[in-house]
Amino acid sequence: MKAEADFNTPAILLRRIEYGDHDLILSVITPDRGKLALMAKAAKRSRRRFGGVLDLFAILELSCRAGRRGRLPLLAEASLCESLGTLRTDVAKTAYASYWAELVHFWGEEGQPQPALYALLHDVLTALDLDRLPARVLSLHFQLRFMGLAGLGPRLGACVGCQRSVEEVGAARLGFDPVRGGVICRDCERVPRLPVSRGAIKELAWVAGGDLVRVQRMRCSDEALRMGEALMETFVPFHLGREVRSLKFLRNLRESGALA
Ligand SMILES: [Zn+2]
């Protein structure tokens, strides 16, 4: 068997897990190696060990030593590319960034190149830090694109039951079926669990199909944001097949009025 070589990689820090008295295990997403777990020796004991840059959501450049005999790769050096500091000091931003990072942590594939997923997370975290777009819009964009990359993008153009396009069914006759993963008309489901308007569906399709530059050019209506949040935050955990803990935190903040 060929020995794993040492490597350098850009990375976004998703999670820090304490290991023993001194060490941290880091979960990161990288473009070429997908999701990766790394051992950071002595990083728990001393914040200065890696120059104090191992903060959640930070964009880093890492040098790693190959793991010996099935062990985790060892972090040798870390340098900071972008700190994205407001993601850790503004509680609303922390809530959104934690939700996106949790999805990538649990769903990112290990050892497989994932440049599109890396770029997506990089772009939404950076835009959130710089207030380029409202967090709600970024979160919708992230969830729609994330599901699309996983091959589970919701079907927004036609009814998942009878296949008629959203143009063919009346404007007031739409719902969303999280189980079947798309729009459903009221002939196929009389009382939809998640009612949506045709206008909101069209805005969501736009957010799903575009990059951030394109999304920046549109103004999402409040109705589309509300409906989009309700359906994506039901749809994503359903297909993830597990509870998303940071989503609970995000919802609690929203209900308490702490999210602008
Ligand atoms: Zn139908």
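Which side chain does aspartate 55 meet in a salt bridge? I looked this up in a predicted model, and I found that the partner of aspartate 55 is arginine 88, at 3.9 Å from N to O. The pair links distant parts of the chain, with aspartate 55 in the loop between β3 and β4 and arginine 88 in helix α1 (residues 86-89), 33 residues apart. I noted aspartate 55 as buried, at a relative accessible area of 19%, and arginine 88 as partly exposed, at 29%.

I then turned to the other salt bridges, of which the structure holds 15. One of them joins lysine 41 to aspartate 23, with the closest N and O atoms 3.5 Å apart. Because lysine 41 lies in the loop between β3 (34-40) and β4 (59-65) and aspartate 23 in strand β2 (residues 23-30), this pair ties together parts that are 18 residues apart in sequence. I also found a network of salt bridges that links Arg136, Asp222, Glu229, Glu233, Arg251 and Arg254.

Next I looked up the zinc ion, which is coordinated by the SG atoms of Cys159, Cys162, Cys185 and Cys188 at 2.3 to 2.4 Å. The 4 donor atoms subtend angles of 104 to 116°, so I recorded the arrangement as tetrahedral.

Last, I followed an open sheet of 3 strands in the order β7-β6-β8, with antiparallel pairing. β7 (182-185) and β8 (194-195) each have a single partner strand, so one side of each is left without a neighbour in the sheet.

Methods:
Residues are numbered from 1 along each chain as its sequence is written. This is a predicted model: local features need pLDDT of at least 70, side-chain atom pairs count only at pLDDT 80 or more; totals for chains, interfaces and linings use all residues. Side-chain values use heavy atoms; hydrogens and water are left out. Donors are N, O and S atoms within 2.8 Å of the metal (3.2 Å for Na, K and Ca); water is not among the atoms, so sites may look incomplete. Four donors count as tetrahedral if all angles lie between 85 and 135 degrees; four count as square planar and six as octahedral if opposite donors are over 155 degrees apart and all others between 65 and 115; anything else is irregular. Two strands pair if DSSP finds at least two bridges between them. Helices (H or I, at least four residues) and strands (E, at least two) are DSSP runs, numbered from the N terminus. A salt bridge is a side-chain nitrogen of Lys or Arg within 4 Å of a carboxyl oxygen of Asp or Glu. Buried means under 20% relative accessible area, exposed over 50%, partly exposed in between (1.4 Å probe, protein chains only).
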